Amino acid sequence: MVFTEGTVDAAGFSVRYWEAGQGRPVIMLDQTGWRNTMLHDALAEKYHIFSLELPGMGDSAVNSTSQTVGDLATVAAAAATTLTSEKYTLIGSSFGANVALCQAIQSPHQVEALILVSPMAILPQESKANASSQEAHSMMFAHEENAQKFNPLSAEVFAKETEFMARLSAVGHDALVEAKLGDIHCPTLAIFGKNDRLVSSESARVYREKIPNNNIAIVYDAGHCIVGDRPEALVNSVIDYAEHWETFIVGHKTGVINP
Amino acid sequence: MKASLFAGMGYSERHKFPFTWPVPPAYSDPEVSVRSYQEGMDECALAEDVGFDWISFSEHHYSGRIPTGTPAVMAAAVAERCKRITIAVLGHLLPLNNPIRVAEELALLDNLTNGRLVAGFLRGTPNEDQVYSVNPAEGRGRLLESMDLILKALTEPQPFSWEGRYYQYRTVAVWPRPVQQPFPPVIVGTRSDDTIRYAAENRLGLGVSFLSVEETAVITDKYHKWCEEAGWTPGPDNIVYRGSIYVAETDELANEWFEGLMKSKPGPNIPMRRTVAEAIQSARTGGPFDLRGLVAGSPEGDVVGNALGINFLGGPDTVAKQIREFHDRCGIGVIDMPFQQNKVDHKAVMEELELFGREVIPQIREF
């Protein structure tokens, strides 16, 4: 799938994005390095997707303006509103999922459905102090051979993002977001890798308990970067949920072997 | 050390079976079958009375030798007769089963027994791969995923979806929760490194069956080492050895019985056609298989397999010493024994259980 790069002005930032596909709009807030995956291709087959690069993340300039995760969510919501006039499905992964959570809380009328992939807002594990980019990268996968298929962040980007997230107080449990989970009323799916070493998959139950219309999914034999360890399983659950929302629990696969 | 009766619940006229697997259901006479299960339950009740600590049940299919294809059903029936003893399902053959159904059965059994359940996870012998048409090549992967899923299903307080390699369930919410929290004791029955390691890393017990003490020690040594690496030390109830037994009043009487057994030329324990046996093994290991290289479809029934040996044989003192070796060398804390040998009828099993309870259990208690 060919993605077209563009920029959109939003809340004082010029936000870079990648666009592909047609159909209902999907806004993606991806963890840096998790773009151009099987998930993006599969979504672009069915939907009009916009993958945003959050200011301060990836190759974007240092963001000294935003003070909280909520500020970033405001920027993302403004960018999404410029890119599409329709309500959209919002998909966030890792730190991007934390931003997506805030965006769904702040902009409930824009977000049609919310999909959180490995969100870290609730009960993240303590991260190793002074970990290198390579160490942090390896921690994201259940299997080292999968880690080798993805490039770790450059030392420069890793240092920039680490400092940025620390400044946003985005490292550790977010009690404020947890207190507001009940305000999310759109269909919401939270997906965790069973072997996630950055956030326990047991935190999934908090989303289930506190978000009124929530499903949780556990991906077997996957770490934090589910799209790296079990891409087919992630695609399957995300596409099903984007299509059917909470009714994705209804089985449609045929059991007939020889009609 | 604890003693466990492996309740085979064998069909009482099993000595009349042909050397085939599966044994045709035509050999099952309902009247004999009903009586056999009643006799098996009488053996369980006696085992509890004479001081056994556990009764175990095992999933085996398509034969009257151990006709407990649904071990949880059998365990539930016995648990109603035997109110004090630990009920061990050792165990479900996970690659064959719906893991959620297994979790539900275990949770229900733990409730029915008020927390007396021990659960077992096994892959099963090669012949069992034919039951429910599971691809033998997928057995190990299914076993590993099933263990993860069952433990998650038993412990997760909120409904969840499971996106596995072999299993996908969009709603899992097992009721009731187990009485024993977070879940009942689990024994992983295995000889394979990856599942020994799984048991150690997940703080589960280990079960070893029918091997010599030397072979068993190789496995238990690995288990102890990997438990230590995982930061815990298994207790005596965590390591179970299953071995067949014949105990008589004296060594001479036991040896006499054994010699008689050998003279009768016992057939293979799980006889299969050579073609089928080798096809399954090839699929399990990924090795080559050429049907034309074998004697296919022989009318003589060219079965292969080994007659099951007797691990513990002798008078009470000799048997106690043999059991002690497993305890001392391998750290075995529970010895699980099938008394229903091929040429031993119900009356003789009852006599053996009495003898074992009277003469052997007091000795192994001291180990």
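**Note on a predicted two-chain model**

1. Across the interface, 17 residues of chain A are in contact with 15 residues of chain B; contact here requires C-beta atoms, placed from the backbone, within 7 Å of each other. On the chain A side, helix 8 (204–210), strand 8 (214–219) and helix 10 (231–244) each supply at least two residues. Strand 8 of chain A gives the most, with 5 residues. Helices (H or I, at least four residues) and strands (E, at least two) are DSSP runs numbered from the N terminus.

2. The model is predicted: local features need pLDDT of at least 70 and side-chain atom pairs count only at pLDDT 80 or more, while totals for chains, interfaces and linings use all residues. Residues are numbered from 1 along each chain as its sequence is written, and chains are lettered from A and ligands numbered from 1 in the order in which they are written.

3. The two chains also pair through strands. Strand 8 of chain A and strand 5 (residues 160–163) of chain B run parallel and are joined by 3 bridges; pairing requires at least two bridges found by DSSP. A:Val219 has B:Glu163 as its bridge partner in strand 5 of chain B.

4. Helix 6 (residues 155–167) of chain A has 13 residues and reaches 18 Å from first C-alpha to last, close to the expected 18 Å. That expectation is 1.5 Å times one less than the number of residues. Its buried residues are A:Lys160, A:Glu161 and A:Phe164. They lie on the same side of helix 6 of chain A because they cover an arc of only 95 degrees around the axis, the arc being that of the directions from the helix axis to the C-beta atoms. On the other side of the helix, A:Ala155, A:Ala159, A:Glu163 and A:Ala166 are exposed. Buried means 20 or more other C-beta atoms within 10 Å of the residue's own, exposed 12 or fewer, and partly exposed in between, with C-beta atoms placed from the backbone.

5. A:Ala80 is in helix 2 (residues 69–83) of chain A. A:Ala80 is buried, with 26 other C-beta atoms within 10 Å. Leaving out residues up to four places away in sequence, A:Ala80 touches A:Ile27, A:Tyr88 and A:Gln110.

6. Chain B is assigned domain 1 (2–266 + 308–364) and domain 2 (271–304), with bounds from an automatic or database domain assignment. The C-alpha centres of these two domains of chain B lie 28 Å apart. Between them, 10 residues of domain 1 of chain B are in contact with 10 residues of domain 2 of chain B.

Note on methods: Contact = placed C-beta atoms within 7 Å.
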